[in-house]
Amino acid sequence: YRLYCFQQTITLSGGTQHPELAQAESPLNVKHAVRCCRDDDGEEDIWYRSPAASCRVNALAETWTGELPPGAQLDAPHGYTGYPGRTCRKEDDNDDGYSVTSAQECGDLCDRDADCDSFDLTEGNILVTGGNTCYLHTSCHHYSETDTANTATDWYFKHHDIIPAGYERFPANFGCPTTRFSNILTVQECANLCSADPGCKSFAYSCTGTKATNGCNNEDFEPNRCWLSSTCDDLEDTNEQPANSFTFNWFPKKEGFQDDETECLFLTHGDAEEHCEDSGGRLCTKEELEDGCASFMGCGFDSSLVWSSTETSPEVCETDPSQQATSYASCGNFVSAMEQLYAGRPDTFAAEENPLRLNADIHIQASSDFENVQFPTRFNWIIDQTNGIASLYPNSPYLYDFEESLSTSDEDLFCDAGLGPPTVLAQACDASMDFLLGSSVSIGMLTSTAKAVNEFSPFPKTDDTRLPRWHEWYTDLKHNPVVDFVDEWTE
């Protein structure tokens, strides 16, 4: 009955890569990619400004997987992404470089070196007419580890050899595909399709190389094929290929998938918020994602739907409560029933005011728009640890945990409500219902009791008639509540 049916904006974080940014509304319990933003610099090499946009915020760097550059693209060897005018700032073993005639020749050298993750290619070589110099790198793992080149140098990142975090790799195997995609540019983007699908158990991605160098025989096939599987995660159930002539590598999810924060995470909205806070930042806003402030940060998320912190309106905002979004309707019923219940309270409770009223002298409208509403979530205790006594503050017996996060700003209000944003309103209302009603009283029971209290007119009592038991109980209540309090007192 108390479902969070509000929708949350998610935006492709592709920045200038996607002039027509795609955006969608999603329930909060669906898993999407996570980008985090921060208003100051934060720890070096973890937070930095996106090179794809001019933004005041920093974004959290993720595993680099060969994202396309925000500007001009190079004609790179297959399995590589080229970044014009960039050079790795770290020193590696081959400082003198290799004389080559093309980026493909340099890529072949990098492919033969299992430790090589990228290379620089500098145009011109005094020893070879029309030649170039190739520098292999074994510790240049991220775009943030490159600088603007002072010479005619370009940086090439080897993305085809990545094993996405959270997956294992089995070469020469095409798995047991149930869904096929084409033109998926990197193995990480293929992994992201599987990670975002709870039913996906593994994926296969087309290999890169040649039959002569590593046994990959994809010359006659379409490159960048991505095949997902919802049926197999065991090697015995897959389709292996000859090691000297294969077309795919197979990647099953590891045990404990998505438990490691170093993985490219797909989380629900609440878990995404917590992840960003634990990392020292926050979820990016819709505007920051649209401006490209979190683009070019790794994990292949520039082609994924990414959570933002920006609320969207509930799908239904009709004034008819039967047509309202579930959380607005249930919360409105709760607030209205509490107001009605207190209107019919016995004389012994005449001095007691509805705890949901912000201003005790102003009535809450029967069809609540949440004006003049507050949400108590726990008791406000005075604790005397010396004598082992706990009592409630006489004039302010309640605490309101959502008081600061609830807003009356226009950008946070939807469906003519006086409080927002919608998800915070739903959470505050839910917490208040749990606190004031407990687990055994439903909104329906509260509404029925409030209605009965106000409509009941006791007739003259005779020997043959009795007042309802609930009426006797209700009118005989004494203002002497006993509230459980438990605390651990330490020295």
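Colleague: Which residues of the largest nonpolar core touch the most other members?

Modeller: The structure is a predicted model, and its largest nonpolar core holds 34 residues. Strand S13 (153–158), helix H2 (187–195), strand S15 (202–206) and strand S16 (226–229) each supply at least two residues of this core. The members that touch the most others are Trp64, Trp155, Phe203 and Tyr205.

Colleague: Which element gives the largest share of this core?

Modeller: Among the elements that each supply at least two residues are strands S13, S15 and S16, together with helix H2. The largest share amounts to 4 residues, and the element that supplies them is H2.

Colleague: How many residues make up the second, separate core?

Modeller: Apart from the core of 34 residues, there is a second one whose members include Tyr328, Phe334, Leu341 and Cys429. The number of residues in this second core is 25.

Colleague: How many residues apart are arginine 35 and aspartate 302, which link distant parts of the chain?

Modeller: The two residues form a salt bridge, with their closest N and O atoms 3.1 Å apart. Both arginine 35 and aspartate 302 are buried. Arginine 35 sits in the loop between strand S3 (32–33) and strand S4 (36–38), whereas aspartate 302 belongs to the loop between helix H4 (286–290) and strand S20 (305–311).

Colleague: What distance separates the closest N and O atoms of glutamate 339 and arginine 357?

Modeller: Glutamate 339 belongs to helix H5 (residues 326–343), and arginine 357 to the loop between H5 and strand S21 (378–379), 18 residues apart. Glutamate 339 and arginine 357 are both buried. They form a salt bridge, and the distance between the closest N and O atoms is 2.7 Å.

Colleague: Are aspartate 161 and arginine 169 buried or partly exposed?

Modeller: These two residues form a salt bridge with the closest N and O atoms 3.3 Å apart. Aspartate 161 has a relative accessible area of 32%, and arginine 169 has 28%. Buried requires under 20% and exposed over 50%, so aspartate 161 and arginine 169 both count as partly exposed.

Colleague: Which residues are linked in a network of salt bridges?

Modeller: Side chains of opposite charge can pair when their charged atoms come close. The model has 9 salt bridges by the rule applied. The residues linked in a network are Asp39, Arg282 and Glu288.

Colleague: Is aspartate 278, a member of the patch of negative charge, buried or exposed?

Modeller: The surface patch gathers Asp259, Asp260, Glu261, Asp271, Glu273, Glu274, Glu277 and Asp278. Aspartate 278 lies in helix H3 (residues 269–278). Its relative accessible area is 54% and the cut-off for this class is over 50%, so aspartate 278 is exposed.

Colleague: What is the relative accessibility of alanine 172, which has a positive phi?

Modeller: Alanine 172 has a phi of about 55 degrees although it is not a glycine. The residue is found in the loop between S13 and strand S14 (179–181). Alanine 172 counts as buried because buried means under 20%, and its relative accessibility is 6%.

Colleague: What is the phi of cysteine 299?

Modeller: Cysteine 299 is found in the loop between H4 and S20. At 0% relative accessibility, this cysteine counts as buried. Although cysteine 299 is not a glycine, its phi is positive, at about 65 degrees.

Notes: Residues numbered from 1 in each chain as written. Predicted model: local features only at pLDDT ≥ 70, side-chain atom pairs only at ≥ 80, totals over all residues. Heavy atoms only, no water. Patch = residues over 30% accessible without salt bridge, like charges linked within 9 Å, V, L, I, M, F, W, Y side chains within 5 Å. Areas by Shrake-Rupley, 256 points an atom, 1.4 Å probe, with all protein chains shown as cover. Salt bridge = Lys/Arg side-chain N within 4 Å of Asp/Glu carboxyl O. Lys, Arg positive; Asp, Glu negative; His and termini not counted. Charge placed at Lys NZ, Arg CZ, Asp CG, Glu CD. Buried < 20%, exposed > 50% of the residue type's maximum accessible area, 1.4 Å probe, protein only. Core = buried A, V, L, I, M, F, W, Y, C linked by side-chain atoms within 4.5 Å.
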